[in-house]
Amino acid sequence: MFNKILIANRGEIACRVAATARRMGVKTVAVYSEADAHAKHVAVCDEAVLIGPAPAKESYLRADKIIEVALATGAQAIHPGYGFLSENSEFAHACAKAGIAFIGPPASAIEAMGSKSAAKSLMEKARVPLVPGYHGENQDADFLQNEADRIGYPVLLKASAGGGGKGMRVIEHSKDFKEALASCKREAINSFGDDKVLAEKYLQRPRHIEIQVFADTHGNCVYLFERDCSVQRRHQKVLEEAPAPGMTAERRAAMGEAAVAAAKAVGYVGAGTVEFIANQDGSFYFMEMNTRLQVEHPVTEMITGTDLVEWQLRVAAGEKLPLQQSELKIHGHAIEARVYAENPEKGFLPSIGTLRHNRTPAAVNFELGGGREPAAFRIDSGVREGDSISPFYDPMIAKMIVWGQDRKEALARMAQALTQYQIVGLSSNIGFLSRLILSRAFSTAELDTGLIERNQAELFPPAAAAGLHTLALAGVALLSSEQADGSDPWQSGQGWRMNSQMQRALQFAEEHQTHQLQVTYLADGWQIKAGGAQAHVRLAATTQHDLVLQIAGQTVSGTVVRDGEHFHVFSQGQHTDLHYNDALAHAGEAEAEGGRLTAPMPGKIVAVLVGKAQEVKKGDALLIMEAMKMEHTISAPHAGVIEEVLYAVGDQVTEGAQLLAFQQG
Ligand code: ADP
């Protein structure tokens, strides 16, 4: 076994690899960018070396620099994690040349599977079933359109070099083909440096089922069963589980064997995933092979009682696979939820910011391997409270993984864990994940890749207005903090009396509603009136952010985190963001937002679709920007006239920058 490895990655996966290395007594070297000087992965490794500025191109993708660091620190192997250099065959070659073991497959296997088009040709030869489509060399627009017409709509265009759900376009009609092709190629060249695309039949209500394979250098190759990753947004996984609901033993063996055949066809070594797209009747087709460890590998670890990073290290060190096919068994059910910094209500737009408050569910048990009962719950995260999610890297905050004897138990544990997860400082998808886990379609395992889109109404219910309990929690947090810091208007004399009792009005605003609270100070608490309701409220106990109230004799507990003027109330599994309108502080301030269209995040303008003085309808696309490797369309909020376009194609814009001046019609 190696004495020391370098981890050429960041975030949760770097921390994940470091945890196993530590358990195995292997020393670790972290590399980091200037943006990550205080990142968790730097803290959890034994050594850390700065490799460059924030943009990945100048740091985490600097193969030469990373190899130099490995040599200088005496690391015998490099674990690339996922993303960044993990599927870069030149990097694998360069490691070998420098005498460093690459903890991954041979460069030739990465090359063979690197292009979705070439991989499909190869799989065709290995008799692995393929989705009908065109994956050849000819990239002429008319030719491709003819092919799409031949395949029959809907057609899916994919960047051949693509990954992570990027560079894909679904086309419903031939007339939309050219525009979609141009946009797909633009995203492909920006994200992957290669604009080659392939076209295939877009399947209706398919499931994404993938097989974990593992091979060693002694000719052994096994499959560690399947993961169902059908629940996706923007073709990117949100929930993953193993085993796949409804999978029969025969189908599992057939898919497992097809995956092993695919791996063997390219001389595979190490951890790999063969992705299939499956029809509801169970028929399945090869999509692609990912030649690395997957984000969702923990669900496989939980049901098989293995540590796949340990397997990777052993295989890279020349050892045999720890288990043979006949020794691998499925035990229980595991589900993973990806916690993202994003705003599900706004089209899953990534969010950036600082984790001002980050409270993860209790009892994190990182126990892996060795045939023990799996820990029921695990969080893999690369961030801590106080850390930032920046626009430079992936917006994933953490992965939560739960295990249960069966799917029902795993689901219940996940639902509970999600209600205990509190984040303040940026938008997260935690509330959305809770609704998803509890939704009828997911809980009854009616799975397919359109689950989220088809269940919009259930997954995005109109926000319920905060009730008296929530408002009382926010109000009491405010009142008791004022008492504690001496700014209580009762004591400072700013309050006013009516019938010799002091009364005060507080105002809290939600996105679509403003709440007035009438507070009457009493000897042992307050009388709080909001909406039609009122109650006697007493503060029974408080520790830092946690409050226990007696509201009309009922015990109500919650956490209230104040972030500037925002009071974040967590209670009964709900997160409510209440904006405190301090009447004194805001007297005279005017509403200034009308007529401006601003950048939702830092990025680059890739297309300007309107000109000065142009009339537009509500919802018309005005401008496209690229941020976090994805395109975002800025559309007209109302009908109106464009007064001025303030940026041109290629311009970098900062978050909040005004992009267009717009006169509402
Ligand atoms: P990436 O490498 O970007 O993850 P994949 O080829 O793995 O791209 O596809 C990602 C997702 O896109 C799949 O999980 C599935 O939801 C959807 N998808 C891919 N191919 C098809 C298809 N032919 N029909 C329907 N959906 C598809």
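1. Arg384 is partly exposed in this predicted model, with a relative accessibility of 30%, and its salt-bridge partner is Asp387, the closest N and O atoms of the two being 3.3 Å apart. Asp387, at 13% relative accessibility, counts as buried.

2. The search of the whole structure finds 43 salt bridges, and one of them joins Lys4 to Glu47, with the closest N and O atoms 2.5 Å apart. Because Lys4 belongs to strand β1 (residues 4-7) and Glu47 to strand β3 (residues 47-52), this pair ties together parts that are 43 residues apart in sequence. Lys4 counts as buried at 15% relative accessibility, whereas Glu47 is partly exposed at 28%.

3. Glu345 and Arg435 also form a salt bridge, their closest N and O atoms lying 3.0 Å apart. Glu345 sits in the loop between β16 (342-343) and β17 (349-350) and Arg435 in helix α13 (residues 430-438), so parts 90 residues apart in sequence are tied together by the pair. Here Glu345 counts as exposed at 52% relative accessibility, and Arg435 as partly exposed at 25%.

4. A network of salt bridges links a further set of residues, among them Arg16, Glu301, Arg314 and Asp380.

5. Turning to the ligand, a polar side-chain atom of Glu288 lies 2.5 Å from one of the ligand's oxygen atoms, while a backbone N or O atom of Lys201 is 2.8 Å from a ligand nitrogen. The protein covers 96% of the 550 Å² of accessible area that the ligand has on its own. The shell around the ligand comprises 7 nonpolar, 8 polar and 7 charged residues, and β7, β9, β13 and β14 each supply at least two residues of this shell.

Definitions and conventions
Residues are numbered from 1 along each chain as its sequence is written. This is a predicted model: local features need pLDDT of at least 70, side-chain atom pairs count only at pLDDT 80 or more; totals for chains, interfaces and linings use all residues. Side-chain values use heavy atoms; hydrogens and water are left out. A polar contact is a pair of N or O atoms within 3.5 Å; within protein, one must be able to donate a hydrogen and the other to accept it, and residues adjacent in sequence count only if both atoms are side-chain atoms. Accessible areas come from the Shrake-Rupley method with a 1.4 Å probe; for residues, only the protein chains shown count as cover. Helices (H or I, at least four residues) and strands (E, at least two) are DSSP runs, numbered from the N terminus. Ala, Val, Leu, Ile, Met, Phe, Trp, Tyr, Cys and Pro count as nonpolar, Asp, Glu, Lys and Arg as charged, and the others, Gly among them, as polar. A salt bridge is a side-chain nitrogen of Lys or Arg within 4 Å of a carboxyl oxygen of Asp or Glu. Buried means under 20% relative accessible area, exposed over 50%, partly exposed in between (1.4 Å probe, protein chains only).
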